[in-house]
Amino acid sequence: MRTVQKDIVAKYLAVYAEPEAKLGIRLQRHAEHVLVIPAQAESISLLDGYRRAFATVSKQGERTLCIVVVNSTDTHDSLVQQRNDALVHALRTQGKASPLHQNGEAPCWCVETPEYDLVVLDRNSDGYQLPFGQGVGLARKIGCDFALSALHKGLNSSPLIHMTDCDVRLPSDYFNVTVPRSCAALTYRFTHKASGNDQVDNAHAQYEAYLRYYVLGLRHAGSAYAFHTIGSCIAVTPTAYAAVRGVPKRQAGEDFYLLNKLAKVGHVRTSNNSPLTIQARTSRRVPFGTGQATNDIIRNGSTYKIYNPRIFDLLKAWCRALEAINDASVHSASKIVQHRAVSALDVIDRPHLRAALIAIGVPEALTTAAAQSPQPTIRQKWLADWFDAFRTLKLVHALRKTGLPDIPWFLAIRNASFCRSAIAKKHVEGANTTDAFKICQRLALLEEEC
């Protein structure tokens with residue numbers, strides 16, 4: 001690492017890293033790649049999803065460091081803790097295991113296997129369980145902090161800290177990735193594998209269609225935050241990771257907030273590698289996300305509804321109007337930018353955008369942005385950081401409340417100018433499971449065309 005980069009990482013490790021980070025410097029072997037996985041109530045079969053990627057690296061004469069953070073909180077029932085105990089034991093018996101922890105430290109072992117090294121971090125045993133409410137975010141942060149410490153010490157030379165989940169199968173070329181200049185993070189392309197349970201698969205396909213629809217809608221609008229925020233598909237550069245103070249310690253949504261922060265210190269790019277495969281399944285590990293959304297769609301039984309496509313047309317008018325702040329005075333900035341935005345819309349849509357902008361505090365933000373500096377680049381940077389992925393989502397929700405309610409997912413995709421081509425003319429509103437997965441595939445192709 002360069003000196004400046006090392007300083008950023010050193011400060012993070014000294015001030016913001018979790019205690020497990022210091023265990024990373026006790027590794028005895030060097031690796032060229034690193035992968036972090038939070039695991040809860042899983043079986044040893046989770047490793048099957050990563051073996052192809054590990055084997056490719058091994059054939060190239062390199063090694064991978066795979067860090068599994070087995071975790072629970074004291075609110076989980078005994079069955080979760082028992083399954084975690086069994087997983088820790090199974091992982092430790094994959095090869096020659098050596099303890100990295102000392103008295104009073106979280107149990108941790110390094111397991112040497114022929115093709116890769118495995119670190120097993122036990123945050124499940126009594127006295128080492130995670131605090132309630134921090135869940136998967138803290139588990140990811142613990143693993144990433146361990147990896148960052150090993151990188152800083154020179155025990156790993158990976159250009160990226162990769163993170164994924166237990167329901168994923170990595171492609172063989174997963175680690176063969178080039179990190180673009182000024183890149184803070186990469187997101188991997190993904191596809192879902194049907195489980196064979198029609199009810200689960202149909203719900204999962206509908207939610208995936210929404211995820212892709214939302215990203216395509218943001219791209220249509222010209223948003224700088226038009227990328228997927230899925231924890232199993234993220235890889236971060238070590239310096240950027242340290243600069244944003246690691247993974248947010250949240251029970252859910254940590255992936256969204258991590259990428260939101262990373263996009264402010266560098267670019268978030270999409271990898272050209274083969275897509276990874278996510279197994280369709282339900283989950284109650286976190287209060288929202290893919291697994292929980294699948295549960296909700298199954299439970300509700302009614303037509304799944306998503307954002308009205310008109311919302312993204314209004315968002316597009318807003319994003320295009322932001323450049324009007326460049327030459328505006330501090331006192332006129334808010335009026336000029338908002339006028340530019342609404343004047344591009346039909347009369348019927350103008351009240352929706354005006355009300356939504358006020359609801360999320362845009363008038364005050366525009367005045368503040370203009371007061372930062374007379375330089376357009378400084379104003380635009382401030383606005384881009386303020387109107388980030390979180391406030392973009394707030395604006396979408398505010399627009400929905402003004403009288404643009406959600407509509408059935410199939411109709412939304414069919415009516416949206418930015419993705420209607422994913423719907424074949426022969427399809428009818430009652431799309432079956434196979435059709436839903438095919439629609440997802442077509443939406444994925446549209447993403448690649450952008």
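Which residues have the most contacts inside the largest nonpolar core? In this predicted model, in which local features need pLDDT of at least 70, side-chain atom pairs count only at pLDDT 80 or more, and totals for chains, interfaces and linings use all residues, they are Y213 and W318, within a core of 103 residues. Residues are numbered from 1 along each chain as its sequence is written, and side-chain values use heavy atoms, with hydrogens and water left out.

A nonpolar core is a set of buried Ala, Val, Leu, Ile, Met, Phe, Trp, Tyr and Cys residues joined through side-chain atoms within 4.5 Å; buried means under 20% relative accessible area (1.4 Å probe, protein chains only). Another core, of 47 residues, lies apart from it and includes V9, L100, A147 and I234.

Strand β2 (residues 64–71) is largely enclosed by the rest of the structure, because 8 of its 8 residues are buried. Helices (H or I, at least four residues) and strands (E, at least two) are DSSP runs, numbered from the N terminus. Strand β2 pairs in the parallel sense with β1 (residues 33–39) over 7 bridges and with β5 (residues 116–123) over 8 bridges, pairing being assigned if DSSP finds at least two bridges between two strands. V34 has L65 as its bridge partner in β2, while the bridge partner of T64 in β5 is Y116.

The protein chain averages a pLDDT (the predictor's confidence in each residue, from 0 to 100) of 92, and 93% of the residues score at least 70.

How values were computed:
Buried < 20%, exposed > 50% of the residue type's maximum accessible area, 1.4 Å probe, protein only.
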